[in-house]
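User: I am new to this structure. Please walk me through it in short steps.

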Amino acid sequence: MDIRNNLQAIENELKGTSCKLIAVSKTKPISLLMEAYETGCRRFGENKVQEMTEKAEQMPQDIQWHMIGHLQSNKVKYIAPFVHLIHSVDSLKLLQEINKQAFKNNRIIDCLLQIHIAEEETKFGMDKEEVEALLSSEEFKALQNIRIKGLMGMATFTDNQEQVRKEFRSLKQLFDQLKSKYQSAGIDWQEISMGMSGDYKIAIEEGSTLIRVGSSIFGSRQY
Ligand SMILES: *Cc1c(COP(=O)(O)O)cnc(C)c1O
């Protein structure tokens with residue numbers, strides 16, 4: 001795997017767009033992350049709290065750490081001091097815990113609301129009704145230490161590109177609807193996190209602002 005080449009190729013595809021690359025480094029050793037860092041990469045995505053915390057301790061301070069995996073409330077405290085953006089917020093309860101831990105750390109934590117756009121039942125995320133209920137609630141409006149920056153979604157794992165495109169398009173449409181309907185101090189509609197190694201090109205065409213790419217940079221993962 002030539003990490004430098006891989007990163008360069010993706011950055012070239014992003015030229016002229018406002019979309020940014022997050023290097024998804026889960027399961028990969030620090031040495032490979034440092035290789036990416038040395039070519040200029042400053043955004044890393046991890047899906048496990050402990051792994052992200054350990055890596056953050058060992059790596060330079062100017063990295064933005066993105067939590068992209070399902071997050072349990074009882075683990076928020078470990079990442080609250082340093083996490084840059086939490087992509088995987090899927091309940092009010094989780095958001096309230098993030099708010100509490102952000103307050104303790106005297107900071108505001110940026111979050112994305114994860115939306116279920118895929119056909120697969122297994123993928124996490126809220127539907128339109130759930131996200132609207134959350135954004136309308138008094139409990140949400142009371143939260144002072146979180147900021148909603150946008151939405152995140154994962155398309156169905158399929159070769160059917162038209163289906164993937166349709167799902168990304170539905171996320172962008174929901175983003176536009178929510179953006180015009182919900183405006184408050186705790187919301188700053190900016191980001192649509194969609195697109196992985198297999199489908200990021202379609203995601204960029206459909207309006208992604210953050211692509212989360214792992215195996216196309218670091219090679220396939222062994223679990
Ligand atoms: C692992 C992961 C990615 C990256 O997947 P690749 O196919 O390796 O690019 C993106 N998003 C989430 C939420 C992930 O868990």
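User: How far does a polar side-chain atom of serine 197 lie from an oxygen atom of the ligand?
Analyst: This is a predicted model. A polar contact is a pair of N or O atoms within 3.5 Å. The pair formed by a polar side-chain atom of serine 197 and an oxygen atom of the ligand lies at 2.5 Å.

User: What share of the ligand's accessible area does the protein cover?
Analyst: On its own, the ligand has 390 Å² of accessible area.

User: How many residues in the shell around the ligand are nonpolar?
Analyst: The ligand's surroundings include Val24, Ile68, Met154, Met196 and Val213. Lys26, Arg212 and Arg221 are also among its neighbours. By class, the shell has 3 charged and 3 polar residues, and its nonpolar count is 5.

User: Which pocket does the ligand's space correspond to?
Analyst: The ligand is surrounded by residues including Ser197 and Gly214. The space it takes is the largest pocket.

User: What radius of gyration does the chain have?
Analyst: The chain holds 10 helices and 8 strands. With 223 residues, a compact globule would come near 17 Å. The chain agrees, because its own value is 17 Å.

Technical notes. Residues numbered from 1 in each chain as written. Predicted model: local features only at pLDDT ≥ 70, side-chain atom pairs only at ≥ 80, totals over all residues. Heavy atoms only, no water. Near = heavy atom within 4 Å. Polar contact = N/O pair within 3.5 Å; in protein donor to acceptor, adjacent residues only side chain to side chain. Areas by Shrake-Rupley, 256 points an atom, 1.4 Å probe, with all protein chains shown as cover. 1 Å grid on protein atoms, 1.4 Å probe; cavity = no way out; pocket = protein on both sides within 12 Å on 5 of 7 lines; lining within 4 Å. Sits in = over half its atoms within 2 Å of the grid points. Nonpolar A, V, L, I, M, F, W, Y, C, P; charged D, E, K, R; others polar. Helix = DSSP H or I, 4+ residues; strand = E, 2+ residues; numbered from the N terminus. Rg over C-alpha atoms; globule rule 2.2 N^0.38 Å.
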